[in-house]
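The text below goes from one position in the chain to the whole fold and then to two further positions. Please keep the sequence and the structure open while reading.

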Amino acid sequence: MLTPLSNCSKFSVFTHVTVRLLHLTAVVSKPLLRMTIHNRSVTCARDCSQEGNKRNALRWDLTPEDISTMTDSLINRVKAVYDDVGSLKIENVSVENTLKALAYAKLDYASSLHVLDFPQYVCPSKEVRTASTEADKKLSEFDVEMSMREDVFKRITALQKKHQDNLLPEEKRFLNRLVTLGKRKGLHLSKDIQEDIKRTSKRISALSIEFNKNLNEDNTFLVFSERELGGLADSYLNGLDTTEDGRYKVTLEYPHYYPLMKRCYNPETRRKMETAFHSRCKEVNTAILEELIQLKANVADLLGYSCHANYVLEINMAKNASNVSDFLDTFYETLKPIGIKERKYILALKKRECLMKGYQFDGQINAWDLPYYMNQVEQCKFAVNKDKLIEYFPLDVVTEGLFGIYQELLGLTFNEVEHAHVWHENVKLYSALDTETGEEIGQFYLDLHPRKGKYGHAACFGLQPGCRGPDGKRRLPVAAMVANFTKSRKGCPSLLQHHEVETYFHEFGHVMHELCSKTSFSEFSGTQVETDFVEVPSQMLENWVWEKEPLRRMSRHYKDGTTIPDNLLDKLIASRVANTGLMNLRQVVLGKVDQSLHSSPHADTAEVFAKHCKEILGVPATPGTNMTASFSHLVGGYDGQYYSYLWSEVYSMDIYFSRFKKEGIMNPKVGQEYRKVILEAGGSVDGMDMLKTFLGRGPCQDAFFQCKGLIKSKETQTL
């Protein structure tokens with residue numbers, strides 16, 4: 001995800017992996033996979049499936065045997081409902097026995113699922129993680145089976161014809177969505193084609209799960225001497241494990257990889273790290289990804305689409321691959337001259353440093369040079385002292401300030417749940433209440449530190465949907481934020497880089513989207529919106545970490561509690577436009593790579609990435625690596641849709657500058673309107689309609705380019 005992948009990893013593809021997952025109730029039709037992360041109105045087994053609002057009723061102490069048994073039980077319950085609907089006489093279909101029956105089956109599924117498939121990302125026990133992965137595979141196959149029920153599809157289409165004009169708006173939207181998804185699975189085509197689609201879809205689901213399992217279980221580390229780690233602070237070195245001969249073990253986890261790539265002045269050390277990082281699972285995952293590309297192209301062809309990209313984009317805001325190509329090309333043309341200028345400056349920095357330190361100057365910017373010299377640009381042009389800055393962002397203080405800002409802005413109150421049942425001792429559970437009414441609106445978990453076998457990026461997982469149940473009462477939504485911030489150690493708390501503060505703010509924005517949702521159906525709960533709109537709310541909220549007042553509220557020196565000096569704060573805020581050309585060109589590269597891979601029936605993924613890297617970014621990919629083998633978005637629901645990070649940031653900047661910046665970034669009136677119009681609606685309203693309601697006009701893109709320091713024109717260019 002990225003534009004700004006929350007500056008934290010503008011050179012990774014994963015910092016906020018809010019990856020969409022498809023299952024039975026997917027809003028965006030990625031019917032061929034139910035993979036990874038946040039956007040699934042899923043989860044959690046309860047001690048009793050009817051106790052939808054029971055506090056902290058989600059179970060995280062299941063054995064592998066429990067997971068297997070509960071998976072089978074869930075499948076049998078949901079299948080029974082589909083069987084009942086599929087056996088109805090066509091003339092007897094009704095809203096109650098068809099539409100609502102399916103809705104409540106989906107709710108049961110969504111409310112029982114994540115305790116089965118979420119542990120693969122967070123559970124300390126490898127045996128449980130393995131069982132969870134197996135459950136995910138089994139449920140993925142079941143998803144495909146249920147999505148291909150022609151008998152149910154016929155009842156849905158009959159109901160649509162019978163009740164098209166006398167349904168409530170959300171009922172009509174839900175019914176139309178079911179019909180659309182059925183057609184996009186080929187249920188109106190011949191039996192032979194349906195069987196081909198079903199068989200291929202199951203293979204796609206299994207491969208996608210395997211791809212991410214490989215990454216989650218990767219535990220590669222490199223060993224370096226203290227001399228090889230020159231430029232890194234003592235605090236970094238003290239946090240590393242050591243070998244018997246006193247050398248340092250450096251893993252490929254974010255808290256190790258990114259500081260090294262930005263601060264280590266030894267180019268050979270950076271080269272080794274960059275090579276290892278973009279070689280993770282290279283052989284096995286490259287084969288998986290390239291098979292997935294072929295399989296998805298085959299399904300698109302069976303359904304009558306020219307390519308997989310056009311298939312997935314049809315129900316997005318962008319509509320087709322041509323529009324996405326035009327969008328990315330326009331960005332490239334705007335950014336190209338800025339990128340050329342920034343590369344010249346970086347090359348001059350490199351030449352000077354090579355002369356000063358005695359390194360051979362090769363006359364080019366390598367992939368392992370880019371994060372290091374971009375960090376140098378910030379120091380040279382903006383004089384941001386990151387070693388000093390990090391001391392003002394202890395995790396507890398950031399959390400306290402972040403909570404306060406979100407609570408004040410959205411009219412909420414957060415309370416920690418004491419003695420909560422969680423999956424690891426470092427995990428905390430919180431309850432969110434509406435401040436005015438005192439009503440509990442949902443719960444969220446925070447799992448913020450790395451550990452062996454844990455999901456390695458930052459993401460929001462929707463664990464339970466917020467919607468109405470069969471009894472008419474609202475089910476409380478539950479979400480989890482999973483991140484990998486540096487752990488505290490003796491004498492020093494967990495300290496965050498500013499880009500990590502931005503990531504925290506971003507992912508917590510997704511949590512709020514999940515919790516504030518007030519929809520009738522789980523199909524539209526929380527982040528179940530168009531893929532190219534899903535990042536809008538969380539990207540919009542990143543702006544708060546570039547403003548003085550919010551930054552002061554979530555920072556204090558970890559030793560004496562003093563505030564950030566004005567000069568340091570001013571330099572930080574000014575540095576927002578540092579490297580903006582190259583950072584956004586990186587996003588264009590990833591968007592173009594994604595579109596290229598999913599507009600063809602087959603591809604050499606390493607070659608495609610290398611080609612676009614060189615042509616657009618002007619920096620060659622490291623020989624022998626394949627970044628796409630660890631590009632989880634391509635198998636986690638952003639396939640053909642990675643452009644949406646840039647696309648949605650355009651909208652998010654318009655929201656921020658047109659409403660919050662003008663009327664007050666801590667204005668509770670604007671915040672409450674935002675909560676009501678954007679967050680509460682979930683996916684029950686089209687993203688464009690929400691934007692028009694909140695902005696009072698159609699969106700425009702000038703705010704994005706002005707924020708990035710790319711244009712100064714005040715003229716409005718309507719999208």
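A681 has a relative accessible area of 10%, and because buried means under 20%, A681 counts as buried. The model is a predicted one. A681 sits in the loop that runs from helix 25 (668-679) to helix 26 (687-695). Once its neighbours within four places in sequence are set aside, the residues in contact with A681 are T519, F524, K676 and M690. A separation in sequence can also be set against one in space: A681 and V529 are 152 residues apart along the chain, while their C-alpha atoms are 9.5 Å apart.

Of the contacts between residues at least 6 apart in sequence, 75% join residues that are at least 24 apart.

Burial and surface come next. Of the 719 residues, 64% are buried. The accessible surface amounts to about 26000 Å², and carbon and sulfur atoms account for 49% of that area. The charged side chains number 92 positive and 93 negative, with the centres of the two sets 2 Å apart.

In soluble globular proteins, nonpolar side chains tend to be buried together. In this model the largest nonpolar core holds 195 residues, and the members that touch the most others are F118, Y445, Y504, F508, W544, F660 and Y674. There is also a second, separate core of 20 residues, with L229, V250, M261 and C264 among them.

E514 belongs to helix 18 (residues 498-516). With a relative accessible area of 3%, E514 is buried, because the cut-off for that class is under 20%. Between E514 and N667 there are 153 residues of separation in sequence and 22 Å in space, C-alpha to C-alpha.

G637 is placed in the loop between helix 23 (605-617) and helix 24 (644-663). Its relative accessibility is 0%, so G637 counts as buried. G637 and E663 are 26 residues apart in sequence, and their C-alpha atoms are 36 Å apart.

Notes: Residues numbered from 1 in each chain as written. Predicted model: local features only at pLDDT ≥ 70, side-chain atom pairs only at ≥ 80, totals over all residues. Heavy atoms only, no water. Helix = DSSP H or I, 4+ residues; strand = E, 2+ residues; numbered from the N terminus. Buried < 20%, exposed > 50% of the residue type's maximum accessible area, 1.4 Å probe, protein only. Contact = heavy atoms within 4.5 Å. Areas by Shrake-Rupley, 256 points an atom, 1.4 Å probe, with all protein chains shown as cover. Lys, Arg positive; Asp, Glu negative; His and termini not counted. Charge placed at Lys NZ, Arg CZ, Asp CG, Glu CD. Core = buried A, V, L, I, M, F, W, Y, C linked by side-chain atoms within 4.5 Å.
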